[in-house]
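Let's take a friendly walk through this model, with an eye on its helices and its charged pairs.

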Amino acid sequence: MAGCRMKLELSRVVQGKGRLGVLKDLGKTGQHSLEVPGCLLHTHLGTVPHLTRDTLQTLSNLPAVTQVTLSNIAEHQEVLEEFKDGFRRFAGLHNTVLYCSLHDPATPCPTGYTTNKTVSVWGSGGRIELTVAKFMALQKTVQPDWYQSMADGETWQSGTSRKRVRKSVDRTLAHLDECLLAHQNSQELEGVEVFGVVEGGDILEERVRSGRETAKRPVAGFCLDGLQTGSMHQALRTQLIAAVTKELPEDKPRLLQGVGRPDEVLACVEAGVDLFEGFFPSQVTERGCALCFGISSDPELAGRAPPAVLELAEEKEASGETQHNGDSNPADQSRMTSFEIDLKDKRYKDDFRPLVEGCGCYCCVNHQRAYLHHLLVTNELLARVLLMIHNTAHYQAFFRALREALANDKLDVLKRRVLKEMTD
C-alpha cells in the first residue's frame, strides 16, 4: 500500500492535547485542506438535507470534506456499478473531498446483527448485510477519497460485557486487515486513504489495545467509534479518548463519530480529537429548532470574531427563554438541547427579531423569528430550508471560534460562554 498523501500539520498543541492545525493534501489531487479542529459536511446521499447545491453555496467557509454513508448508498450498488464513474459524479458533487463512513450519525440503527464475518447497515429498504468483500466492492463503486474500514461498533451500550467488547476489538482489527489487503490489491482504490476504526466500548484496557493495534497498520487516520452522545457520561468519554490518543501517532488525524453537541465537542477537543461529523445542525433542523447558543464576540477572544457569534444569555434571560430552552440530557439525541430555541413555540409568533442578532446568514438577514414560526406551524417546506441555512452557518461559526480560541489561549473563555447555555 502506498504511503499516505494526507498530512496533518499542527501549529499548536494546547496543554498537551488540544490540537490546532491543517489537514493538507486531501483528495486524489491533493488540492484541498481542512482546518482542525473542524467538522465534515454531513449529507444524505451527497445532499445536505433541505438544501439544493446552489443554496448551499450561498454559505461561506464550508468544510472541504463531504461525508456520505454506506447505510444510504449500499442499496444503490447495482445502479452505481452500471454508472461506473463513482458517487461523486453520480450525485453532481464538485470541488469537494468525499469521505465514506459506515453508518449515518444522524440516524440510529438497530443493534444485534453483527457476526464474525459481517456487519449490517440499514437503508430505506431495510437491513443490508455486508461481508468484507461486499464492503470493498461498494468502496470501489463509490470511489471516495477516503473511507473508514469495516468495524463491529455495537458495544457502545452501557453494560456490554467485557467478553463482547473484546470480541468487537478483535473483529474490527480482523476486518481492517482484510480491508487493507483488498485495498492494496485494487487498482480502483489507488490513491484512496483508509481510516482505521478504534473500538473498545467503555473498557479502558480494550480501548487502549484497539488504539495501539490499529496504529500499527498503514492507515491514514483514525475513527474513534462507540463514544457517541448518549453512550456514556462526558467524563468517561474524555478519559477514554485521552488514553487512546496516547497510543496514536501525532501526525495522523483523529475523527470522533457520533458527537456533535457543542459542550461535548469542546471537551473532546481538549482530549485530543481533531475532526467531528457535522450532523448536529441536521438534527436541530428536523426538530424545527434554531441554534442560538452564545459564542462570544467578547474582545477577550482576540482576532476575527465571526459575525454570527454574539452572546445571547442576557436576551434569553430577559425573554424567559431559559425556562423552555430544551432538555440538556444528552442521552436522547432526539430531544431538544439547551443550545437551541423551539420556533414552534407560540411566544415567537410576534417576535420580529432575527434568529441571532448579528448573524450574517441569509435567514437572519432576511427573515424574523415570527416568520419562521409561521412557516413551521403551517408545515411549509421553506421552514427547514431557512433553518438549515442558519444552523449550518452557526455551527461552522462555532468551529471557527473554537480554532480562534485555541490560537489565542482563550479556550477557557469560549467554554464559559458555551457552557453557560446549559445552566441559564
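The notes below cover a helix, a glutamate and some salt bridges.

## Ground rules

This is a predicted model, in which local features need pLDDT of at least 70, side-chain atom pairs count only at pLDDT 80 or more, and totals for chains, interfaces and linings use all residues. Residues are numbered from 1 along each chain as its sequence is written, and side-chain values use heavy atoms, leaving out hydrogens and water.

## Helix 8 and its cover

Helix 8 spans residues 234-245 (helices are DSSP runs of H or I with at least four residues, strands are E runs of at least two, numbered from the N terminus). Its buried residues include Arg237, Leu240 and Ile241 (buried is under 20% relative accessible area, exposed over 50%, partly exposed in between, with a 1.4 Å probe and protein chains only). Among the elements covering them are strand 11 (193-198) and helix 7 (204-215).

Helix 7 also holds glutamate 206, which is buried at 7% relative accessibility. Beyond its neighbours within four places in sequence, glutamate 206 is in contact (heavy atoms within 4.5 Å) with Val165, Arg166, Val169, Glu199 and Gly200.

## Salt bridges

The structure holds 30 salt bridges (a side-chain nitrogen of Lys or Arg within 4 Å of a carboxyl oxygen of Asp or Glu). One of them pairs aspartate 152 with arginine 164, at 2.9 Å between the closest N and O atoms. Aspartate 152 sits in the loop between strand 10 (146-148) and helix 6 (162-184), and arginine 164 in helix 6, so the pair ties together parts 12 residues apart in sequence.

Aspartate 351 is buried at 9% and forms salt bridges with arginine 353 (2.7 Å, N to O) and with arginine 369 (3.4 Å).

Key:
Expected span 1.5 Å × (residues − 1).
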